[in-house]
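Reader: I have not seen this structure before. Please show it to me, and then I will ask about its parts.

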Protein chains: 2
Amino acid sequence: MFTVEEVCKKVRERATIDGNPMKVTPQRRLIFKALEGNNQHPTAENIHTQVREVFPDISLATVYKTLRELVEMGEILEIKHEGESSRFDPRTDDHSHLVCEDCGRLEDVSQTFPHLSISDADRHGFAISRNFVVFYGHCPNCQN
Amino acid sequence: MFTVEEVCKKVRERATIDGNPMKVTPQRRLIFKALEGNNQHPTAENIHTQVREVFPDISLATVYKTLRELVEMGEILEIKHEGESSRFDPRTDDHSHLVCEDCGRLEDVSQTFPHLSISDADRHGFAISRNFVVFYGHCPNCQN
DNA sequence: GGATAAATAATAACGATTATTAGTTAGGAA
DNA sequence: TTCCTAACTAATAATCGTTATTATTTATCC
């Protein structure tokens, strides 16, 4: 569960490349707050816009840098689809996604498909470690 | 089946936005040739490098433009994965892909998974039209 | 409070791709 | 064959999402 206080704690416990601890700044706390309980799969821009309402001078690069660190810490997931901006998800358990082909709306799908396997002929000698299913369709708003 | 002569024919039959026919140029013929029977999933750069051996002055933009048109015509597939350059595939029948997590090697998987479905709770009211499975693993060369 | 490494804002740089533009050419008609 | 014209090309600028750079500020430890 992604909570502001949990993540602040983990940030302070985490070492930089020089072995020194990372810091919790007001900017970072705001970014964590914008992610906490957020199931909207925001982009870096979305987070930036939201955070700027209370901290008008925050830089987009700061948002990107913080999100990148959270991804590296395993606290959020980065979702890359079809050449669009990355979206970020504070839900990190294994799950699939459902994408609207019309408006791009993206929903979490709890169900996973760990059993999928392919034939030896198709395997090309690979050692398969995981798979990844994306469902495409039309969301309620885009169905006329 | 993607063949140079087939594609040239389809290009000449195809109309531009002004209703005039598209043309077959030596540059385009070379790009078609580089794609014919190519199961290496080349990038635009790969195609450009290959084509430049016989046509040194061809522009990368020309390669991109031609590939874009082939995608729009449905003659090739564009494969977008994980923030890398797009790869192009003259095989257009429905198939999955297998990606090496170490070197990025990409193979076609003939098998498809049309039967996958998700629960009502996960469906979020979407009308699902298709799914898309990608397998990740380690290719023979990257297994030590 | 002071020291210091990390973080910030601003902005330049980056890589992949697309748009622009002036000049060239394919392909149909005369 | 030669002309015509819209499509095409090469060169390059522009775009978009993202990351790197840098001078300045700040969180945290003593």
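Reader: In which hand does H3(A) pass H4(A)?

Author: The model is a predicted one. In it, helix H3 (residues 44-52) of chain A packs on H4(A) with the axes 9 Å apart. The crossing in which H3(A) passes H4(A) is right-handed.

Reader: How is H3(A) oriented to H4(A): roughly parallel, roughly perpendicular or oblique?

Author: The two helices pack at an angle of about 120°. Roughly perpendicular covers 65 to 115 degrees and roughly antiparallel begins over 145, and the rest between these counts as oblique. The angle therefore makes H3(A), relative to H4(A), oblique.

Reader: What pattern does chain A follow along the sequence?

Author: Chain A holds 5 helices and 5 strands. Its C-alpha atoms fill a box of roughly 50 × 45 × 25 Å along the principal axes. Read along the sequence, the pattern of chain A is α-α-α-α-β-β-β-β-α-β.

Reader: What percentage of the residues of chain A count as buried?

Author: A residue is buried if 20 or more other C-beta atoms lie within 10 Å of its own. Of the 144 residues of chain A, the share that counts as buried is 23%.

Reader: In what order do the 6 strands of the open sheet stand?

Author: Strands of chain A and of chain B take part in this open sheet, and the pairing is mixed. Neighbouring strands are turned against each other by 25° on average, direction ignored. The order is E4(A)-E3(A)-E5(A)-E5(B)-E3(B)-E4(B).

Reader: Which strands stand at the edges of the sheet?

Author: A strand at the edge has a single partner strand, so one side of it is left without a neighbour in the sheet. In this sheet the edge strands are E4 (106-109) of chain A and E4 (106-109) of chain B.

Reader: Is A:Leu116 buried or exposed, or something in between?

Author: A:Leu116 sits in the loop between E4 and helix H5 (120-123) of chain A. Its C-alpha atom is separated by 7.7 Å from that of A:Asn131, 15 residues apart along the chain. A residue needs 20 or more C-beta neighbours to be buried and 12 or fewer to be exposed. A:Leu116 has 17 inside 10 Å and so counts as partly exposed.

Reader: What is the phi of A:His124?

Author: A:His124 is in the loop between H5 and E5 of chain A. With 16 C-beta neighbours inside 10 Å, this residue counts as partly exposed. Its phi is positive, in a residue other than glycine, and is near 55°.

Reader: Where does B:His124 lie?

Author: B:His124 has a positive phi of about 55° although it is not a glycine. It is partly exposed, with 16 other C-beta atoms within 10 Å. Its place is in chain B, in the loop between helix H5 (120-123) and strand E5 (127-138).

Reader: Which elements give two or more residues to the surface near DNA strand C?

Author: There are 28 residues around DNA strand C, and among those that come nearest are A:Asn20, A:Gln27 and B:Ser86. They divide into 9 nonpolar, 11 polar and 8 charged. The elements are helix H2 (26-35) and helix H4 (60-73) of chain A, together with helix H4 (60-73) of chain B.

Reader: Which elements give two or more residues to the surface near DNA strand D?

Author: DNA strand D is surrounded by 28 residues, with A:Ala61, A:Ser86, B:Asn20, B:Met22 and B:Thr62 the closest. This surface divides into 9 nonpolar, 11 polar and 8 charged residues. The elements are H4 of chain A, together with helix H2 (26-35) and H4 of chain B.

Key
Residues numbered from 1 in each chain as written. Chains lettered and ligands numbered in written order. Predicted model: local features only at pLDDT ≥ 70, side-chain atom pairs only at ≥ 80, totals over all residues. Near = placed C-beta within 6 Å. Helix = DSSP H or I, 4+ residues; strand = E, 2+ residues; numbered from the N terminus. Nonpolar A, V, L, I, M, F, W, Y, C, P; charged D, E, K, R; others polar. Pairing = 2+ DSSP bridges. Axes fitted to C-alpha atoms, helices over the stretch in contact; angles between N-to-C directions. Parallel < 35°, antiparallel > 145°, perpendicular 65-115°, else oblique. Left-handed = near helix turned anticlockwise from the far one by under 90°.
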